[in-house]
Amino acid sequence: MAKYKMHMLVCGGTGCHASEGQMLFENLKKEVQDNNLENDVQVIATGCFGFCEKGPIVKVIPDNTFYVSVEPKDAKEIVAEHALKGRAVKRLLYFDPVRKEQIPDSKHMGFYKKQLRIALRNCGMIDPENINEYLAADGYEAMGKVLLEMTPEEAIKEVMDSGLRGRGGGGFPTGLKWQIASKNHADQKYVVCNADEGDPGAFMDRSILEGDPHTVLEAMVINGYAIGATKGLIYIRAEYPLAIHRLKIAIDQAREYGLLGTDILGSGFDFDVEIRYGAGAFVCGEETALIHSMEGERGEPTFKPPFPAQSGYLGKPTNVNNVETYANIPVIITKGAKWFSSIGTEKSKGTKVFALAGKINNVGLIEVPMGITLREVIFEIGGGIQGGKKFKAVQTGGPSGGCLTEKHLDTPIDFDNLLSVGSMMGSGGMIVMDEDDCMVAVAKFYLEFTVEESCGKCSPCRIGNKRLHEQLDIISKGNATEKDLDNLRNLSNVIKDTSLCGLGQTSPNPVLSTMDNFWDEYLAHVNEKRCPSGVCKDLIRYEVIAENCVGCTACARNCPVNCISGERKQLHVIDQALCIKCNACLEKCKFNAIAVI
Amino acid sequence: MELIKLTIDNRTVEVEKGTTIFIAAKQLDITIPTLCYMNLKDLNIEHKPGGCRICVVEVEGRRNLAPACATECSEGMVVKTHSVRVLNARRTVLELIISDHPFDCLICAKSGNCDLQDMAVKLGVRDIPFKGEKSTYKPDFSPAIIRDMDKCIMCRRCETMCNDFQTVGVLSGIHRGFEAVVAPAFERDLDHSECTYCGQCVAVCPTAALTEIDHTNQLINDLSDSSKTVVVQTAPAVRAALGEEFGMEPGTLVTGKMVAALRQLGFNFVFDTDFAADLTIMEEGTELLDRLSRHLNGDKEVRLPILTSCCPGWVSFFEYHYPDLLDVPSTARSPQQMFGAIAKTYFAEKQKLNRKDMIVVSIMPCVAKKYECTREEFATDGNPDVDYSISTRELAKLIKSANIDFKALPDEDFDKPLGESTGAAVIFGTTGGVIEAATRTAYELHTGEELEKVDFEALRGFEGIRSATVNFKGLDVNIGIAHGLGNARKLLDDVRAGKSEYHAIEIMACPGGCIGGGGQPLHHGDTSILKARAKAIYAEDEGKTLRKSHLNPDIIKLYDEFLGKPGSELAHKLLHTHYFEKKIKHISMD
């Protein structure tokens, strides 16, 4: 086996894949070959690096050089310069907008400095399609330790002591969940990996499965051994083709190596894994709905109890854990509960992966220790707000989370803190908003999602969310009264209080949290018929500022409905009756002569 | 048995472990309102999807409100069923449900008999603060059932009846969120599904999302047409339930009042389906004995058991699901159809009437009978033997609309000759009745001896599947009985597998038989009503002088004057039928 002097890690996650990452990978390989460097330089397609804003990414080891926005044509230069001459290609290095300088290696990038990667430890480090790379990264060591040296009770105790809580959103103590399932006796039990990641913009589970599928398989075997289950099922949405592809390879390889199947490692323990596809319904992330979907039933939640641990898949005791939860398990076993529980806050141990999105400079996937503040995440890791605008709010917890503001920025992030300020951890979505965002419109946007994704089983969620959305629409059109706001709040509270599953119990959060934190904005919409951020179309109009207009006709020429009149070098006028508020005139005007009022 | 103590509305109650808050509250005479929960105790069906969220209660220490129907009691639990929080939530949820419901109570088929309407009254809803879009769907008019899903509140009771109880599997939830609705697969209409029209969905629907096709207007038109002779027949189960619609106790027999009311409504002849039930026994009993003796004599052509074929829901069910067993059911037509065939031939001849000038109407506890009237094989030159059927509920509405004081009516007798019947015919209305009636006649015909005891208690009861062996003087006849198509399926699967030990099986699609039919007064989940109706049926049987079909003098006369003997060629032409393999109809693309 060749001993390489250099490794070129090319991101093979879905994002970079979509930006010609595959061609870049192939070009790099070809260049290496053409230069006869096959024995010195290894080119590997890895999982996601997380820094999706600047993909495709190429990382060069051992010097940690971090190239961003690399195109396939850059392969030649990277090999010629970096591999042959040992000089980094400067123009491809990351430029830090805050420090205003190029950062030569990843360790010094603001994006990575405060991150602690446990669940994502192998993403961007190893070739996910090669089990040997996982084994080289201590893969399946935890499984070996559990199967050969530990009793099921000891394994459960380790997970319990680690303080790990479910990463899918609920935050239920994982060890306790395992213990309950282990105590329910049946001829067959099941272990289910919930890979039905449904929050819009969230892709932590997908990244783990794409970048490190074996860690999930390893954890499932450990889980199976701990609770006495010999069958594992991975419920994954069919719209994750790359993750499914890599999972299938991983399962085949693990079976080939005897790490799945009968008598694993001579322990006498049998365990195998099957993949089940979901059609992408958000509610199927709820464990009872997920189980019904796997059974071929309509994807609807049922009342708990019975919990899946009592009566789950096919009526048998079933333990359902999320992908990210599983990704923590092998590390907890190898490094110990004590080590894991030393990270994080009192009641939330370890790290959490977040998908950073919205009006933030560094969009991407990050993993941070629990207890880090929102400020650190947004302004240090995230690199602050795009275009130097003012931070307004951050929505955590996916579509059912709440919008937090300036005053919450120093709140240490953990399960309980987020709940206490009216939001939640959820599966780890984090969407940043700036001064241009209208909070009524934001609440409406999220409700649109929950209306679409409600299964329709219980009345408050089926009809209530629809009504919430309609009420928000009325507010955004300036047709609501303060009494309507009272009704809106009451309705939100009742939906939370009476809905059957987590979807409806949290779907009004965006409404309630924006009402709590941005009440003035609601009042402006209702009483003054004004949208302070200039977003709600029915409440704004575009006007020509007479003193700035030079009569260049740019606005009139670009207006799609021809509602702007005026001769050359004359003042232009917008016909309000015809204007569709498309913003084209404002974008085209070079003289700041169009204003939103 | 572990007991649990809890407090509900400051009162302590002790219940068995596993009891829900809803049931525990009942013990304290606290009825928690609900729109979706349904407990059909005698049928072992507890429907508790926890979907309507009307039954929410406050449980101390719990973050959100708990659905009383699905939440099990735990030791020391403190429950409040009417705290301000609960009342506000309950009313808000109801307002939401109503906000997605048509406001057409004035002209709604279920007005005055609607759970949603009652709940709005009970909770005092006076205003709907959330006006918005309503979900709308294409109405579905099948030969028997109307689906108006604009009125569906997603209680899903119909699904439980269709899937769990009947195992027909036509209805299920489709679409998501606000568009979610119960429908046949691919949102086809019932006519393009495997629906048997048993009507159990209609029987449990809390609103008018599922109702029977209304034939009352047509009936009024026909009654007012002096050129038409309108003949009515009434099924046995109707008389045991009709009184409920007029506030009478369940189980009150109203045979005489019903006859009087029908006469007042203007029917030219008021006859009894029971007459045809006696006729059915003659034909079916003869067929049973014939098949039995041929089978015992080693005739391999004859397949046993013989199955009853009175129930049109059941006939559709095996035509869809057991096309390989089409030779197993008796070829005897149902009493409704035998009546129609005789009325439009024998009786028409007697009255010198052209069948085209006759309207034969049936009053049935059933909605599938409406469909049965439309089956092509039950018509001559396009003229149906039975023109149409109206349900017990429709009859009650007609009587009310005619301003007839039903309770004050004197008892009157059926007209002759098609109004004469025996006790054996009356018990057709309840599960086990047909086979008991057949047994009474077959026993005497086979043995030539008179039965000492007419009541076969072993064949009676409410168990979903029952069996008994009746000794025909040295010949043990094994009899099976099932009510509910799910129970029927179990017996049928055994027949298909060649494992069935029975010689004869009676099957009725509805719980309790026809007394629990889809066209009966709504039981609102109280199955004790069905038992009371059954009791009334047996009482009517017991009160009859003649209790064996073959002793009905007008039946004897019918054979003498017209049919010859049971199983004769004419009898076969008029009183027997054959079955077809049914497949879901294709939707035409034009």
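Leaving aside neighbours within four places in sequence, T334(A) is in contact with D138(A), E141(A), A142(A) and K145(A). The model in which these contacts occur is a predicted one.

The buried residues of α7(A) are T174(A), G175(A), K177(A), W178(A), Q179(A), A181(A) and S182(A).

Chain A as a whole contains 23 helices and 19 strands, and its C-alpha trace spans about 85 × 65 × 40 Å along the principal axes. Its radius of gyration is 26 Å, which agrees with the value near 25 Å that a compact globule of 597 residues would have. Of the 597 residues in chain A, 56% are buried. Among the contacts in chain A with a separation of 6 or more, 72% are accounted for by residues 24 or more positions apart.

The domain assignment divides chain A into domain 1 (6-113), domain 2 (133-341), domain 3 (351-434), domain 4 (439-527) and domain 5 (541-596). Between the C-alpha centres of domain 3 and domain 4 of chain A there is a distance of 22 Å, and the contact between these two domains involves 11 residues of domain 3 and 15 residues of domain 4. On the side of domain 3 of chain A that touches domain 4, the residues comprise 5 nonpolar, 6 polar and no charged.

For chain B, the domain assignment gives domain 1 (3-82), domain 2 (98-213) and domain 3 (217-575). The C-alpha centres of domain 1 and domain 3 of chain B are 42 Å apart, and each of these domains gives 6 residues to the contact between them. The residues on the side of domain 1 of chain B that touches domain 3 of chain B are divided into 3 nonpolar, 1 polar and 2 charged.

Between the chains, 31 residues of chain A are in contact with 31 residues of chain B. At least two residues of the side of chain A that touches chain B are supplied by each of α16 (439-453), α17 (459-476) and α18 (482-498) of chain A, and α17(A) gives the most, with 9 residues. By class, this side of chain A consists of 11 nonpolar, 9 polar and 11 charged residues.

The largest nonpolar core has 349 residues, and those with the most contacts inside it are V10(A), L28(A), V216(A), I222(A), V57(B), V231(B) and W314(B). Not counting residues up to four places away in sequence, V10(A) touches G21(A), L24(A), F25(A), L28(A), V43(A), I44(A), A45(A), T46(A) and V58(A). Apart from this core lies another, of 13 residues, which include C549(A), I564(A), C585(A) and C589(A).

Note on methods
Residues numbered from 1 in each chain as written. Chains lettered and ligands numbered in written order. Predicted model: local features only at pLDDT ≥ 70, side-chain atom pairs only at ≥ 80, totals over all residues. Contact = placed C-beta atoms within 7 Å. Helix = DSSP H or I, 4+ residues; strand = E, 2+ residues; numbered from the N terminus. Nonpolar A, V, L, I, M, F, W, Y, C, P; charged D, E, K, R; others polar. Buried ≥ 20, exposed ≤ 12 C-beta atoms within 10 Å, placed from the backbone. Domains from an automatic or database assignment. Rg over C-alpha atoms; globule rule 2.2 N^0.38 Å. Core = buried A, V, L, I, M, F, W, Y, C linked by C-beta atoms within 7 Å.
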